[in-house]
Amino acid sequence: MIGLIADPPESNPYKHQNNVSPATKKNDDEKMAQALVEAYKKLKDQVQQVIVGQDDVLEQLLIAMLARGHCLLEGVPGLAKTLMVRSLAQAINLSFRRIQFTPDLMPADITGTDIIQEDKTTGHRELVFEKGPIFSQIVLADEINRTPPKTQAALLEAMQEHDVSVGGKTYHLDEPFFVLATQNPIEQEGTYHLPEAQRDRFLFQVIVDYPSRDEERQILERTTSTFESKLEPVLDGKTILECQETVKRVPVPEHVYEFILDLVRMARPKEESSPKWVKDLIEWGPGPRACQQLVLGSKVRALLRGRYHVTVDDVEALAHPVLRHRIVPTFNAEAEGISVEHLIDRLLKDAPKKEESVM
């Protein structure tokens, strides 16, 4: 059986850590993994008191959090994207702020700004930094594509570095920190396309689809009656940080690394080994961050299913949310009605799958 500790002896991070043996740490990691599965079930039960269905969306949101990533949720109005994020924040004991993005929103409205403050006793005036809503652990960027790129870019440093720089000073954000953004795919007037550099900062682009008929019936019954629910937090920041460290120690077999590399590199039209159809249908492919996030996301998915190692199935399950916002189709592809989802399906079909080596 593949153990949870995958570091070679010379790079073992526990070698000089309070004389804790690798075997002891392995047991701690396995207990943390089991606790994570239980916490996920409780978290799901809490959120489903308010949200009907959307199991895949909820799982991908939690995977992104445990992989220390951010999520972009895309769906038409009325699918409870905002309510889902708010409910998730209530079920996790973290600070939460919502930013409603509008065309007149300025970067300082997100990051904060220096203001002049006067001491009433001395009359002395000084510049004091007034923190903006970005200084929360879960930030809901609602309808992020309704504001110009200048304001959208105010999130870039926070999303990548978990820092905010204002007035020549850098302020560190509290950990854990997540940006969960929503956008409307059908409305064009009054919206702005997210820059590719910013889209790449999101671990997942999650598609929120219409509910089934039975789910929509449950929604009607709950929202048009006296039904009420009170969500209780089942996770806190310390536990999430511990889980994030445990995730990093989940081993990845060599054949899974190779599959991820083949899949991502195949999607780059300038790669010599790319198939001809890629060069014809893909204008721009994913960068190395896609490989990194496929690995991290797959590690979390494996743990949530009670496994201590990653499989190709984990990668295939997360390929769409990781790659769909990192692939730009050509004009020919768009003219022929070939979607990004179709391109990813074809990449998964053509990517070679090597057999797992026997230990």
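How many residues of the lining of the largest pocket are nonpolar, polar and charged? The lining divides into 8 nonpolar, 8 polar and 8 charged residues. The model is predicted: local features need pLDDT of at least 70, side-chain atom pairs count only at pLDDT 80 or more, and totals for chains, interfaces and linings use all residues. Residues are numbered from 1 along each chain as its sequence is written, and side-chain values use heavy atoms, with hydrogens and water left out.

**View 1. The largest pocket holds about 490 Å³ of space.** Of its 24 lining residues, Glu74, Gln183, His193, Arg199 and Gln205 are the closest to the centre. At least two lining residues come from each of α7 (196–199), β10 (204–207), β13 (328–329) and α15 (340–350). (A pocket is an open set of points on a 1 Å grid over the protein atoms alone where a 1.4 Å probe fits, with protein on both sides within 12 Å along at least five of seven lines; lining residues have an atom within 4 Å of a point.)

**View 2. The second largest pocket holds about 400 Å³ of space.** Its lining has 20 residues, and Val50, Val52, Ala80, Ile219 and Thr223 lie nearest the centre. α8 gives the most to this lining, with 5 residues.

**View 3. His70 sits in the loop between α2 (55–66) and β1 (71–74).** His70 counts as buried because its relative accessibility is 2%, the cut-off being under 20% with a 1.4 Å probe and protein chains only. A polar atom of the His70 side chain lies 2.9 Å from the backbone nitrogen of Val179.

Terms used
Points joined across faces, edges and corners; volume = space filled by probe spheres on them. Helix = DSSP H or I, 4+ residues; strand = E, 2+ residues; numbered from the N terminus. Nonpolar A, V, L, I, M, F, W, Y, C, P; charged D, E, K, R; others polar. Buried < 20%, exposed > 50% of the residue type's maximum accessible area, 1.4 Å probe, protein only. Polar contact = N/O pair within 3.5 Å; in protein donor to acceptor, adjacent residues only side chain to side chain.
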